[in-house]
Every structure is written in structure tokens, then in C-alpha cells.
Amino acid sequence: MINIDAENHVRGRSVYLDDIPELQGTLYALPFDLPTAHAHITSLHLDKARALPGVAAILTAADIPGENQIGGILPDEPLFAEGEVHFWGQPVGLIVADSDHICRKAARLIEAEYEALPVVTDPREAQQLGRLICPPRTFVIGDTAGAWSQCAHIFEGQTAVNGQEHLYIEAHGAYARMKEDGSVIISSSTQGPTAVQRTVAKVLDLPMHKVEVDTVRLGGGFGGKEDQATGWAVMAALAAQHLQGPVKLVLHRLDDMRMTGKRHPYEADFKIGLDEHLRIIAWEVTHYQNAGAAADLSTAVMERTLFHSTNAYHIPNVRATAYSCKTNLPPNTAFRGFGGPQGKFVIEAAIALAAERIGVSAAEIQQANLLRDGDEMPYGQIMQQTQARSTWAACMERYNYTGQRERVQAFNEQNTRYKKGMAVQPICFGISFTNTMMNHARALVHIYQDGSVVVSTGAVEMGQGVNTKLVQVAAQSLGISPGRVRIESTNTLRVANTSPTAASAGADLNGKALQTACAALMERLKKVAEAALGHSDVAIQNEVVMAGGKPSELGWEQLVLMAHQQRVSLSENGHYATPLIHFDKSKEKGHPFAYHVYGTAITIVTVDCLRGTYTFDSVDVVHDFGNSMNMAVDLGQIEGGLVQGIGWMTLEEVAYNAQGRLLSNALSTYKIPDIYSVPKSIRIASLETEGHDLAILKSKAVGEPPLMYGLGAYFAIREAIRAFNPGADLKVDAPYTPEKVLLDLYRSPSSQGT
Amino acid sequence: MHIFVPLRHANRRWFSDMIQFILNQTLIETNKPPGLTLLDFVRYEAHLCGTKIGCREGDCGACTVLIGALHGGEMQYQSATSCLTPLANVHGRHVVTVEGLNLPGKRLNRAQEAMVQHSATQCGFCTPGFVVSLCGYALNVQKADAAGAVGAIDGNICRCTGYKSIERAAGDLALHLEKKDAAHALPWLVSERFLPDYFTGIPERLSQLNNKDRKLHSGHTPIGGGTDLYVQKHHEIPDMELQFMARQKPADAILFDENSCTLTAQATATDLMEAAPLSEAVPGWRQFLKLVSSTPIRNIGTVAGNIANASPIGDLSIMLLAVGARLTLVDESLSTEREIALDGLYLDYKKLDKTPAEIIRRIRFDIPRKGQFFNFEKVCKRQYLDIASVNTALLVTVENEKITTARCSIGGVAPIPKYLRETSRFLEGRSLSAETVRQALAVLQTEISPISDVRGTAEYKHLLAKQLFCAHFVELFPQTIKMEDLL
């Protein structure tokens, strides 16, 4: 089934935040900041700006009726800076005016005096200074200290991996309107309507029932709108409350890039030990997460880094520690993979290094250590229905790994200017919010008396196709055509207390809740049908009531009308909470994931050793979809996630200067893949399995895992560089930009990468 | 169909200066500021919200529209980023947004259909831009192929799909367009569901517009395509006095005589790219120009603007330095005109041998002749639609294995687009050999002074300058000069 929004998308008819028809009298808001990453504000002069004709108000912390606090997990982030600024781009206040143009004019009239404070942008430095967001955490299995003696090979090293700008093409935005009783309705481009509602209530000093948040769809989210959409929505709501009128806030791209956090950069120290059969016996890793100036979701991101520190491998002795380091950068946040990719990157780097030193291919080490059923993860979960080895084997065979490997080697022997590199990337990604309490959802279903159905859930559509999947679930559960089902906007009045659409779990959680609701409705409808037909075995298929397996006279529309006339409720609110999962943070053990998603990808790159540029020949994937309920949607997630991962590993370079100013602050200086930078060939095959019971319709979550296939891009480039410059001592510092590639190609053997 | 009421203000003082154009099917007469972006007009005045705002600097393509002009009774359409297009520049034109490409009723046009069938749209925010670019391709293409269709969307960025599905959609579209009847393009495109049928009436309607060029503003800041000024001064432009240069574009923006090429001030990068005499004279010419920005930007960005902007990494400046371009500068207030060599224009960072009142009227250079070899190299983070870390061009004349003339330029390693006077001079009279190139590298290093910035460290730019200088010779003379002999 094609995405239900596709036809409106191509016609330009889909409505995004900035397309909502505006009410008369709508004012426009612009947050303002100071050109410093860390300072004590001594004075703020707003009079000139306030006097500009067309300016309705300039709001600061002093104008907040409730708490000046938007922190999602920890209360450490003010809406507007008070006294001190902690990152470059931190909002100090909000200008509200008749037009965006006037707001920007007013912004140029604002003057401030401040005393500069020391700026820290390096996570290791922050850790040294004891500037941590939360206490460090350590996951342990076995005994690494005792295991080194069993190792034939031990290697130590360091890695760095940069952040990533989400670059959803639709920037952040919110539109707030007042209702007659002082309640406020906010349209928000958010992945987490409830987080917006809760925070608006806190800042505006309203009970949550006076705050309605509505989200139709996002022009891309990727995690960037999970927590960080909240501040803008709160500002719009605050201004609307203050001025008692409609206020819209849509960020310009430069504001969005400067003011919002990104994927967390990480640094790490590692020590890996292998036996003579290339089995990884011991793995120690310390992660330094660059959290930025406030917690945001960093503690949860850090947790997932720990969960995925061993990727798809079984290692009996593991000690993984992570520090969430507080720096003067915008608070970093969720981004597809949520710390998992950073965790996996380190072990893949360690394996690459070990392979180079031992003189084997990384694939040999990877293959020797893939997970099996019954293996225990460092966090205590015993792996079941493991597909690490099956996806690996299928990938090797289907794409003739050995043949491709030989072709790459032959090419490198015959060519000087161009060198090819190849990497295999297995993945294993846990599905569920690692915070167990978030794994629940609700769905509200109304069947109208004409037989049409409307569904509301907590899921936010952001291009991932969740609404399409929900239509499929409802249609299948009720035995009706998808055309009868409409998905309504995500709205906190219709579905309350939701978790954000994140963790790849949107379709599973909301789909299962929808199944629950549909099942209850079906029970009631079946009773009506049983009575009407005098038959005890009824079902609905293709909009016809089946009695004893045979079509009856009774169709969907008549049945619904009959039920309505018999005063049977045609509305249901379904609830779902993922069973079986639990995690004890005091022991760092449990069973946090409903299931895992697996896959293997082979990446081949060609490096131009004269220019230092590269192109990807191919990426060949075997992915564990479970039993995909919508291959068109799922393939799109794999291709898109893969390319986003390759972008993170290659072109996409978030750059701050030492003063904490974002240098890669626009699309002209921050480059995401264009149509020419994607691999020439991407092949994706599905591993045939029966799927997983905790996945919606046995179709596994697909949002985040494919991003991690992109890690292979980094290691393929590294291999190509080594083919040209075998003696070089290469650092591990992603992304591999053309700059780093060229410098590494011509690095003398003695000097290590800088 | 969206009904749009033309903006008619009670105060008609500026009526004679109103901007007039056809927006999809609707005649627009507006007295909005001529410097207002077409994007803001389309979204917030005409309330056509299919055109999206992604970056406001021409780097994402979400705001792509088609701009059609009548040339000799035929419509010519080009894609353009509406975020960088001043309203003044569409006076007398047909502007097409995604809404204007929708067929009546429930049917999708061919581009839309291909995008849907291949699941080439996810969040949908970039999608209208892709649809518009693909329809622009359908309108323009003479001989369709998949590579050409992909080329038409080289200015459109998508963050969701990974592009493969879009590539497949573009491929399908190209296949269908192979049958295009170029002699009766519009009727064919309409009958084949590429376009709604009102397109066939546009030439007639446009010819009836009072298409007289109106003096809209007499400002001091000249603006051509707007592709740089709107990026640099987006928030100030509404208050600026502008002189709209691109509006007086003549039918032939590029003129050729036997040996030379003359560009008018309005000539765009696309005009330069499409110029047949240059493609014939310079192997790889189109590919070099393809490294400059993207299709919609090349369609509106002027060559003169690229020169005047004086960016140290301006691609066109670098190319034109190598071909020895000369400029005609005109000061209308003083009625003076003078000609200078481009390599004498750049004095220091953004400092030109040109008064603010002087406008570049013409750019002239000799077309490379037989025995001359031209190459352009550019490396950036992303190969296309990116700004160079280092770019360089070389024009050499080789006679009997000897370099008789050489002109080499380089960007990104000096405060100005740098003409490498010493390096060029060094090459002249020497044999075409690896040894000569190696020796020239030493001279090159004395002429450049890169600094570290977001496009690369000084160390990288030093190395890259050397590599790309070598690449000129490896690319142009693969039989004589091999990479192994240089590095």
C-alpha cells in the first residue's frame, strides 16, 4: 500500500505547520539570543526594540507566569536565559510583532551587556572539570580484568565521532491560539505533543486540561522534534497568553541550526581483547558524550549508547562506561539511532583496528562473534529469535561477498589513482523505549453510523508512514477496506498522556493499541451480527459478515447501522503496554527490549587518490523486516536511513569554533547527501522470517536500525585509504570528509592523524 | 483550482509601476516591493502553500518554481528557486508553482504519478520542489534520458528517501519523455498528462500583457539573479534600494563571433553552460559548469554577479580568469565606459578596481582554439551544489610538446579569486612534462596563502591546491603526465 499522504504531497496540498490558514490578527514571534556561548548577562536593553512600530511585545523570563523551565528529563533548561547564557543560540527572550520582518528589525535594536565566562566545547575537558549532566553509568558482564590474560591479541585506542544536524527540511514551528476560557490550542511541529502540552502547562501555569496540542504532520523529524520542538511551542503559547491573540513562530533555517541541538558527538577510549580464533574475549569502553549545555534527552541517549556498545556481537566480558559531559553547546538531542550508532561505532573501529594489526579482514572478526540465541547481553537480556548470523549468511551468499572482495582486490592491484574499499556492517538494534514506563500507547476509534472510521493515536506522521500502517491495521482488524479509514491529527484532547513518536516504536505501540480498540469494537459488532444472523461463528471479511465461513446478507454498513440502532457503542479507546520488558537501573540488568532488529550490509567505495574525493559504488543489504506489512514504506525507511547514516559518516560535519559558535550554520556550509552523493547501487533484500509477536502484525520496527548500515561507509573509506597508503597510522575520527581523506592519503607513516 | 484575486490597493499611486505576471492561471498585478522574494509573494500574498520554505538560500530546492518567458512566440521555462528571485524579475513572465501543475479532478500529472508509484515521497516537504523540477525537465528537454532527468533535480534536497526512489521515478519519466514531440511540445505534454491544458493558452495571454519594461526602482545596489544578495542580506533587502539588472535580459545573452565570446550582464550560468561554441571548443565544458551550483541556481544566477560578488571561491570567476576574460565597466551617471582585464579586477578581499556606480556590462574572452586545453577542478565536501574548498582552472597552449602559453587561476587559497601569475609564467616555454609540473608546484606554493575556515584547514588547502594543480595535467594529458610521476 502506497503512503496515504503521497497524492497530496505531490500536489502540494499537504498541510504543514506554516501552511495552516492564519486567523486575523495573527502576530509573529522571533526568539533572540546573544552572540556568546557562556556569559553572565549584566543588562539587557529592550526599549529601542519595544518602541519600533509594529512590535507588540518583547517577552523575557520576567514575563513567565509559571516556571521558567522546559527540561524534559531533568529540570535544567530555562525557556529564556536568566542571569547566565550557557550556549550560543540560547533564547534570551521573544519578540512579537506584526510581521516577521519587523521582528528581525527589532532584534537588531536589542542591546545587551554581559561578562564572558569560560567556554568548554570538548567533552573530555568537561569530564575532567567534573561538569556532568548526570552520574556516569557502567554496564558490566563477566570480568574484563581477569579476561585479558586469556587474550592472544589486545589493542587499545581512541575514537571520535561527530554530531549530525537533523536537517528536517521543515524547520521548527508552532502556532498558538487562545480559547475563550483562557485555555490555549497549539499547533506544533513536534514528535511529542504530550511533552509540549505538559511543558506549556508548567510555563504558563495552566492545568494540562487547558492546553491542547495538535499535530497534523511534520516535514521531517528524525528525533530533532522529539524534545526540541517544545521550547518554540511554549514561546508561541506564552506570547498568545500574554497578548490574548494568535501568535505564530516559525524558525528560519539559520536560527534553527544555531539554536537547536543535534546528534551527540562522542569520544571514546577502548580496549579490545581477542583469542587466537578471533573471538572477542573482553571489551572495555568509556564513552564521553558531548551533551551540550543542558540534559535534554542526553541521559537516555547515553543509556542507549551503553545498550549498543557491543553491537551484534556476543562478548563474555564487557565493561562499558559512559559520561554525559556538560559543554557550552546547544543541548544535543535525539537523532535516529539515539546514541546507539555512536556506541556501535567504537566497537566497529576496534574491530577494524584489530583486523589491521592481526592481518585479517574485519569481516572475519565480525563473523566470529555474531550473536546467537541464548547469548546474554551486558544488560542482562537473553537473546532470542536472533537473526545476526542468518542475515550475515544471507548477505554473504546473496551478494557474492567473496567474489566482490576479489574484484576489489584485483582493482586495487591494477590501479594507482583510484582505490576501492569494502566494509561489512552487521547491526543489532533493540526496539522499545529504554525507559520502560514510556512503552504504552492509546488509540481512539470511532465508527460512524455510515460505516466510515476515524482513528486517533499518539503517533505523529513525519514521513515514516506510520499513518499508512495504522490504516492497514484498522482495515485489517475490522475487515474493511482501507478507504473507509481516516487517520486524524495527533491531538492531546483525543489521545492523552502519549509518549513521543520515537524509538522506532510508533507503529508498534500505537498499532497495537489500535488493534486493542478494533478488537473490542469487533466483539460488540459480532454480537450484533450473531443475534441478527442467529449464528455463533461470525467474522467480517472484505466488508461482509461471514457466518460459519460463508458470506451472509449482512454487509459492514448495515451491521454498523444496526449496532447504532441497538444502542451499541461504536467508539473505543484501546490501550497497549508492551509486555515482558523491564529494567533495573540499580543493577543495570533486565530485559529492556521487546525484540531486536538485525541486518547486514556490504559497502564498496572508490576513492580518487589524487583529489581525495570518493563515490560509493554499492551498498548491498539483507535486512530483518520480520514479516513486513508494507514493503514500499519499509524499503523507503531502509534506503533513507542508510543514506542518512552515510551522510553522517562522510559529508556531514558539524563545526563549532572554540568560542562555541556554530560555523556549519546553513545549508551552504553543512552538506547533507544530494542525489549524486548516494551509492550508485543500493540493493535491499528481506530476510525471510515469521516476524515477531511484539511487532505490529509481525512487521518489525524499521525507523532507526538502517541508519547504522551507514557506519560501513567510514570503514570502507578507511580500507581504500590503506590500500593507497598502507603504512599510515590512521586516527578514527568520523566523518571521513574529503579533507580528512586527502590528508590521510598523503600522511607519512610516522605521523598519526591529527 | 485556487482562485486568486489580484491585489488592487485603493491607493493606486504606484499603479504604473505595478509588477504584472501570470501566476499559474491567474493574472497578477501587484504593487508589493519589487525586492520581495517570489517565495514570500507566492506563499503569503497568493496563499499558494505548496511552495515550501526550506533554507531561503537556494540550497534545498523546496521552493522551486518554473519561470516561463516568451521568446520568439515560444515559451521557454526554467526552474528557479523562488527564495532568491525578486518579484521584479518575474514581471511579464509566467510563474508556475506546484498548484499550477495539478491536473483538474483526481488525476495526477506524469511526474506526480511517477513520484507516487515509486514511493518517492515520505514526509513530503521537499516533494513539490521535485515535482516542479521534473515538470520543468519535461518542458525543456529535447532528448530525454534518465541522467538528464536526474540532472534536473540536482538542486532538490530530500532528507527522507535517500533518493533512490526519486531516481527510479525520474527514470520512468524520462522513458515516457523519449516520445516527446519536440515540434509540438506544449500540446504533446498536455495530451500526455504532463501538464494541465491551460499551458497552451499561456503564450497568447503573455503576449497580451503590457510587457513594457518598467523602471521599478532606481537604487544603487545592482542585483542580477539575486542568488548571492538574498543569501547575504535576506533580512535587509526589503529596505534596500535596488537596481534590477536581470530584467533587461536581451534575447541573446551570449554573443559569439569567430574567435570570441561576449556575455551580457544578464547572461546566466545556464546560458554559459548551454553555449554550443564553448562545448565544441572545450571538452567537458558542460560537466565543468555542472559543478557550479545547481540547475535552478544556474538558471537565475548571472555570470556578472559571480564576478562582482568577488567571492574568493567563485567558480565562474576562476574559470574566466583562466580564459583571460576582459570586462566592460560602465558608469551611467558619468557616461563613462572602460575595459579592464578580469585578472586586474580583484585587489583584496571583496575589494575591486571598480567604483560602486560602475556596472559590469559585458564580459569578453577568446574561445579556446585548437591546440589549447582547458580544465577546471573543484573539490568540496559534496561534489555538486557545494562551495569549493579549492577550485582551479587552467588554459594552456601546447605546441610540439611545449607549453607556449599558460593561464592558471585558483580559488579558496587567497583573499581573492587568484590569478596565478607567477605559476602561469613559469609554465610558459617549458616542456610538457611531469618535471615541469613538479617544478611549477614550488612556484604555486609561493603564490597562495590559505587560511583555515569552515571549508577546510590551511594545511588541507595547501595540499589540495597542489593536488588539483596536478589534476589539471593528469586529466588533460593522461598519456604524457601520470599521477605517479607527480606525487
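Two residues are taken to be in contact when their C-beta atoms, placed from the backbone, lie within 7 Å.

## Model and confidence

The structure is a predicted model. Its scores are ipTM 0.98 and pTM 0.97.

In chain B the pLDDT averages 93, and 95% of the residues reach at least 70. Residues 1-15 of chain B have a pLDDT below 50, and this stretch makes 14 contacts in the model beyond near neighbours in sequence.

## The contact between chains A and B

Chain A contributes 62 residues to the contact and chain B contributes 63 residues. On the side of chain A that touches chain B, the elements giving two or more residues are α1 (6-11), α3 (100-107), α17 (631-649) and α19 (738-745) of chain A. The most is given by α17(A), with 6 residues.

Classified by residue type, this side of chain A comprises 27 nonpolar, 19 polar and 16 charged residues.

## Packing of α19(A) on α17(B)

One helix pair involves α19(A) and helix α17 of chain B, residues 458-476. Their axes are 10 Å apart and the packing angle is about 75 degrees. Angles of 65 to 115 degrees count as roughly perpendicular, and α19(A) and α17(B) are therefore roughly perpendicular to each other.

From α19(A), the residues that make the contact are A:Glu739, A:Leu742 and A:Leu743. From α17(B), they are B:Tyr460, B:Leu463, B:Leu464 and B:Gln467. By class, the residues of this helix contact are 5 nonpolar, 1 polar and 1 charged.

## Helix α2 of chain B

Helix α2 of chain B spans residues 110-117 and is mostly covered, with 6 of its 8 residues buried. The buried residues are B:Arg110, B:Ala111, B:Gln112, B:Ala114, B:Met115 and B:Val116.

The cover over these buried residues is drawn from both chains: it includes α1 of chain A, together with α3 (127-140) and α5 (164-177) of chain B. After α2(B) comes B:Ser119, which has a positive phi, near 50 degrees.

## Domains of chain A

The domain assignment divides chain A into domain 1 (6-117 + 172-250), domain 2 (266-434 + 586-745) and domain 3 (440-577). The C-alpha centres of domain 2 and domain 3 of chain A are 39 Å apart.

Between these two domains of chain A, 16 residues of domain 2 are in contact with 15 residues of domain 3. The side of domain 2 of chain A that touches domain 3 of chain A consists of 11 nonpolar, 4 polar and 1 charged residues.

## Domains of chain B

Chain B has domain 1 (15-208) and domain 2 (249-486). Their C-alpha centres lie 32 Å apart. In the contact between them, 15 residues of domain 1 of chain B meet 9 residues of domain 2 of chain B.

On the domain 1 side, the elements that supply two or more residues are β3 (64-71), β4 (74-81) and α4 (146-152) of chain B. The largest share, 4 residues, belongs to β4(B). By class, the side of domain 1 of chain B that touches domain 2 of chain B has 3 nonpolar, 10 polar and 2 charged residues.

Definitions and conventions: Residues numbered from 1 in each chain as written. Chains lettered and ligands numbered in written order. Predicted model: local features only at pLDDT ≥ 70, side-chain atom pairs only at ≥ 80, totals over all residues. Domains from an automatic or database assignment. Nonpolar A, V, L, I, M, F, W, Y, C, P; charged D, E, K, R; others polar. pLDDT = per-residue confidence, 0-100. Axes fitted to C-alpha atoms, helices over the stretch in contact; angles between N-to-C directions. Parallel < 35°, antiparallel > 145°, perpendicular 65-115°, else oblique. Buried ≥ 20, exposed ≤ 12 C-beta atoms within 10 Å, placed from the backbone.
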